[in-house]
Amino acid sequence: MSQPGQDAKFFQRGKIEEFRAELHAAEAKDKKFVKRKTVLKKIVANITMGTDMSPLFPDVVQCLGTPLLEIKKMVYLFLVSYGRSKPDQIHLVIPNFLQDCNDRNPLIRALAIRTMSYIPIPVVTEALSDNLRHALKDRDPYVRKTAAICVAKLYSADPRKAERGGFVELLRDLMLDSNATVVANAVAALSEIGDRQDGVIFKLNLATANKLLAAIPESSEWGQIYILDSLLRYVPERHADAEMMAERIIVQLQHGNSAVILTTIKALLYLMNYMENRQLIDYICKKMGPPLVTLLSSGPEVQYVALRNILLIIQRRPTVLKNDVRVFFCKYNDPIYIKLAKLEIMYRLARAENAKEVLAELQEYASEVDLDFVRKAVRSIGRLAIKVEAAADDCIQALLDLIETKVTYVVQEAVIVIKDIFRRYPGKYEGIIPNLCENIDALDEPEAKSSMIWILGQYANIIDNADELLDDLCYTFLEESTEVQLALLTATVKLFVYKSRADKAKELVHKVLKWATEEADNPDLRDRGFMYWRMLAINPTVAGEIVLSEKPPITTDSDRMDRGALDQLLLHTGTLGSVYHKNPETFIRNAAGKALKDSPALNAHSRAVLIPLARTQLPSMAPIVVTGPGPTERSMEPQTQSSSVAPSPPSKTDNDTDLLTQSQPDPISQNSSSNDQDEAEDDEPPHTRQTNNLDPYSNLDNAFGSYLADEPRPMASRRHAEEDDLLF
């Protein structure tokens, strides 16, 4: 075998004719296959560099008769690259495939099976079926573990053929194999098949799950990941089952591989939904903290993945890292994406006990040179004041100190968060408004400017020169962004309500209303202007009550992800979905979704937010036939045909089965159901159908009935309920 680095000489682009001539010359004089091996290395190197070597297909295929394993590997690599693009010549290789499948060397048998599974052409798939069935029962574990992965490839090429051939059942039997690597590969293949929307439903019972756990110590790192991930397909029926399984896998938290650690944490978080022993849950949470902290000593890429997962975990189980906030303090050499992720976690872990420590760290960050990082740090100070009431005074003083620096972007972020603090603590910090008014000229960003305008309008009764300040801001009304225009419109109306006898206020509100209704292009601004104008014209007193109505204090509850969505997202811990904070089915085509399954052991809090997950069927690939010259008008005469609805088949809920095959929809029943629907529509009176067809909004029903903008959230009761709920 060649030493590393010696094959670099082969990476030189060559011509097809030269390679063909060298192959023919090697056949005549090459008794030890040295020249043939050299030519094939050049060809494989050119494939790696992106050169098209497909014209050499018949010449390379002739080398398959060589008994040397290294040559067979390179020829099979060539076939994997160009086999599917040469369906008219692939039949030349079938005899060699069949011969190698019965070779005495297990490496050659496995190589032949693997190569055939990578060429999804009907003639190859047909030849693969019988040989794959024999390979799954081969005496050598290397062949069996290779054949297990090949079943997933066959299923991807022809799902119905794989199901009819009984390959899924053979994979199920391999899960009980004596070799741990074979078991892991069988689980990996079944998981890949089960993750398809049109695949079988892969479930585990207690006995099979325990046998899989017994194979973990002997498995490789990737095998352990596959087995641990498959535990999410087991639904505990009793609390004791989930607790026993968690105790068996918790030792994997000490593993040195970051992927094994994150997959173990995912399995533990899943099983904790089915536990009732609080002491065990607290113990598991304490055990999960140190491995997560250890991941932060890895490279920045692994750190970022760990931080994104930690951000999800602490929202669901805050006790995991509640005493480790110092671990997430930023280092001077951290990349910006690491710093921003740590900043968010620091805010999540902040509480009354560590608020001063966190605030001091945030103040340090506010003097950094990175613009985005400074903005996020200043905004985090304001969010900390809203979240921890005991630290609000210190946060306000810190924000005032930052405003004194006169740094433009710092001042603007401070104004934005102070507006939210005013809403969180009404009537408590209005004394700092003069400090804000001194810096009004420094505001040039829409969000900061609209926040300052809101403060001027909301507290116009205590700001003596509010009319002058708003008048100055209105000079550029028509050039401002819509956000600022809406804020100016509302603020001037509030000013008029507070100071309705002042001529300046009357003049200003009239001018702004006229601009908003006559010269503005934005429909939202124009509609709000008309609404305010009519309210003030009809009854100014009622208008004042509406505009100055008491606003609900804002809370930090909106920062927390919805409990049901969070439970669903935690099932993807350690995957790309946990980095994006999105379910994989939203960005991966044909991916099947995951959700918690209901069972007697599922705790009440998780059951209350359970997300039902319907397994969507993929449309059939049959050709679409449109009969007739074009669409025809349906007859408007009522028909009296009766429509019948076929009862739905009973669902299969046997927990003792490992695999449940997802049946395909019957095209005949689909057609009949669509015909029944058409007949039901035809039963309507003609005038009703005409009305529905003419009205473009007739099918909306109550689409907007459940939508509430700015719905107030009660603070005290919700917070206590959430804190108690987070453990279970």
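## Charges over rings

In this predicted model, the charged end of Lys387 is placed over the ring of Tyr347, at 5.0 Å from the ring centre. Lys339 is positioned over the face of Phe373, and here the distance to the ring centre is 5.3 Å.

## Aromatic pairs

The count of aromatic pairs comes to 11. One of them joins Phe477 and Trp515: the ring centres are 5.6 Å apart and the planes meet at 20°, so this pair is stacked, the cut-off for stacking being under 30 degrees. The two partners come from distant parts of the chain, 38 residues apart. Phe477 belongs to the loop between helix H25 (466-473) and helix H26 (482-498), while Trp515 is part of helix H27 (residues 503-519). Both Phe477 and Trp515 are buried.

Tyr580 and Phe587 make an edge-to-face pair, with 5.0 Å from centre to centre and 75° between the planes. Elsewhere, ring pairs join Phe57, Phe78 and Tyr82 into a cluster.

Helix H22 covers residues 408-424. Its 17 residues, at 1.5 Å a residue, should span 24 Å, and the C-alpha atoms at its ends are 25 Å apart, which agrees. Of these 17 residues, 12 are buried, so the helix is mostly covered. The buried set includes a run of Val410, Val411, Gln412, Glu413, Ala414, Val415, Ile416, Val417 and Ile418. Ile421, Phe422 and Arg424 are buried in H22 too.

## The largest nonpolar core

In soluble globular proteins, nonpolar side chains tend to be buried together. The largest nonpolar core in this model holds 211 residues, and the members that touch the most others are Ile43, Leu79 and Phe422. Helix H15 (residues 258-272) gives the most to this core, contributing 10 residues. Phe422 is one of the buried residues of H22.

What does Ile43 touch, leaving aside residues up to four places away in sequence? Its contacts are Phe19, Leu23, Met53, Leu56, Val60 and Phe78. Phe78 is also a member of the ring cluster with Phe57 and Tyr82.

## Val44 in helix H2

Val44 is located in helix H2 (residues 34-48). With a relative accessibility of 17%, Val44 counts as buried, because the cut-off is under 20%. Excluding residues up to four places away in sequence, Val44 touches Met74 and Leu77. Val44 and Phe11 are separated by 33 residues in sequence, and their C-alpha atoms are 8.9 Å apart in space.

## Cysteines

How many disulfides does a search of the whole structure find? The search returns 0. Two cysteines can be described by their accessibility. Cys63 is buried at 2% relative accessibility, and Cys474 is buried with a relative accessible area of 1%.

Definitions and conventions
Residues numbered from 1 in each chain as written. Predicted model: local features only at pLDDT ≥ 70, side-chain atom pairs only at ≥ 80, totals over all residues. Heavy atoms only, no water. Phe/Tyr/Trp six-rings, centres within 6.5 Å; stacked < 30°, edge-to-face > 60°. Helix = DSSP H or I, 4+ residues; strand = E, 2+ residues; numbered from the N terminus. Buried < 20%, exposed > 50% of the residue type's maximum accessible area, 1.4 Å probe, protein only. Lys NZ or Arg CZ within 6 Å of the ring centre and 35° of its normal. Expected span 1.5 Å × (residues − 1). Disulfide = S-S within 2.5 Å. Core = buried A, V, L, I, M, F, W, Y, C linked by side-chain atoms within 4.5 Å. Contact = heavy atoms within 4.5 Å.
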